[in-house]
Amino acid sequence: MNDYLLLKFAHLLAFVYWLGGDLGTFLASRHVISREASPEARAVALKIMLACDMGPKTAMPLIFPLGLHMAAMVGMVNLPGIALTAVWLLALYWFGVVLVLYLNEGKPFTAGLAQADFYFRIAVVLALLAYGASGLAAASMPAWLAWKILVFACLVACGIAIRINLKPFIPAFGQMMASGPSESSDSAMELSVGRCRPFVWLIWAGLLLNAALGLHLLG
């Protein structure tokens with residue numbers, strides 16, 4: 001098996017774990033905010049939700065460099081080796097931050113790291129939008145590939161929007177676990193999760209769109 005096929009295999013796995021993990025996270029979130037479930041059951045559902053969410057969280061940093069590496073190998077993009085190496089180093093840094101935050105949840109040092117990760121993702125979105133738009137405008141890469149990059153930038157932006165809209169969920173869930181369910185905590189959690197759903201649906205649509213572009217069903 002050559003290097004290109006290995007990259008393609010890993011790229012497909014990243015897609016599968018992203019989309020499948022997102023679905024598991026979405027379904028578990030419905031049990032987390034269920035008023036019929038006990039706080040203990042909702043806590044278990046939250047653990048399942050966070051575990052499922054690691055699929056998308058770890059796939060996101062890897063899927064782009066895998067695809068870009070394949071494109072560079074077949075000459076679709078003119079990317080110097082040092083630039084490709086830099087992309088991989090940034091992706092591995094991002095992947096490492098995701099793991100550190102997950103494995104050290106609740107520890108004091110993660111607050112600063114999570115904030116840095118937030119701004120890092122904004123920078124990633126801006127860089128990808130610029131790269132994809134320039135590739136499209138200058139025809140320096142196939143149009144379908146430029147659109148895939150632009151769609152991926154939007155997926156990362158949707159993830160940022162989800163993080164912002166989930167902020168009220170955390171204190172509300174903590175209040176429920178400490179004092180029991182109440183109208184205020186349940187309503188806050190429902191509102192927070194409800195605001196995230198449109199962005200989740202956009203991510204699903206974007207992943208399917210990028211799959212269609214990659215398979216040349218479109219473009």
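Reader: What makes A139 count as exposed or buried?

Author: This is a predicted model, and its values are computed. The relative accessible area of A139 is 60%. The cut-off for exposed is over 50%. Therefore A139 is exposed.

Reader: Where does A139 lie?

Author: A139 sits in the loop between α4 and α5.

Reader: What is the phi of A139?

Author: Phi of A139 is near 55 degrees. That is a positive value in a residue other than glycine.

Reader: Where is H216 found, and what is its phi?

Author: H216 is in the segment after α7. Its phi is positive, about 65 degrees, although H216 is not a glycine.

Reader: Why is H216 called partly exposed?

Author: H216 has a relative accessible area of 47%. Buried needs under 20% and exposed needs over 50%. The value for H216 falls in between, so H216 is partly exposed.

Reader: Now the rings. How many aromatic pairs are there?

Author: The count comes to 7 aromatic pairs.

Reader: What makes the pair of Y93 and F120 edge-to-face?

Author: Two values decide. The ring centres are 5.3 Å apart, and a pair needs centres within 6.5 Å. The planes stand at 70 degrees, and edge-to-face needs over 60. So the pair is edge-to-face.

Reader: Which parts does the pair of Y93 and F120 tie together?

Author: Y93 lies in helix α3 (residues 81–103). F120 lies in helix α4 (residues 110–138). The pair therefore ties together parts that are 27 residues apart in sequence.

Reader: Why are F169 and F173 called stacked?

Author: Their centres are 5.7 Å apart, with 25 degrees between the planes. Stacked means planes under 30 degrees apart. So the aromatic pair F169 and F173 is stacked.

Reader: How far apart are F169 and F173 in helix α6?

Author: They are 4 residues apart, so about one helical turn separates them. Both F169 and F173 are buried.

Reader: Which residues form one aromatic cluster?

Author: W18, F64 and F152 do.

Reader: Which residues make the contact of α6 with α7?

Author: F169, A172, F173, Q175 and M176 come from α6. S184, S185, A188, M189, S192 and V193 come from α7. By class, the contact has 7 nonpolar, 4 polar and no charged residues.

Reader: What makes α1 roughly antiparallel to α7?

Author: Helix α1 (residues 3–32) packs with α7 at about 160 degrees, and their axes are 11 Å apart. The cut-off is over 145. So α1 is roughly antiparallel to α7. The crossing of α1 past α7 is left-handed.

Reader: Which residues meet there?

Author: Among them, F15, W18 and R30 in α1 meet residues of α7 that include R197, W201 and W204. By class, the contact of α1 with α7 has 13 nonpolar, 1 polar and 3 charged residues.

Note on methods:
Residues numbered from 1 in each chain as written. Predicted model: local features only at pLDDT ≥ 70, side-chain atom pairs only at ≥ 80, totals over all residues. Heavy atoms only, no water. Contact = heavy atoms within 4.5 Å. Helix = DSSP H or I, 4+ residues; strand = E, 2+ residues; numbered from the N terminus. Nonpolar A, V, L, I, M, F, W, Y, C, P; charged D, E, K, R; others polar. Phe/Tyr/Trp six-rings, centres within 6.5 Å; stacked < 30°, edge-to-face > 60°. Buried < 20%, exposed > 50% of the residue type's maximum accessible area, 1.4 Å probe, protein only. Axes fitted to C-alpha atoms, helices over the stretch in contact; angles between N-to-C directions. Parallel < 35°, antiparallel > 145°, perpendicular 65-115°, else oblique. Left-handed = near helix turned anticlockwise from the far one by under 90°.
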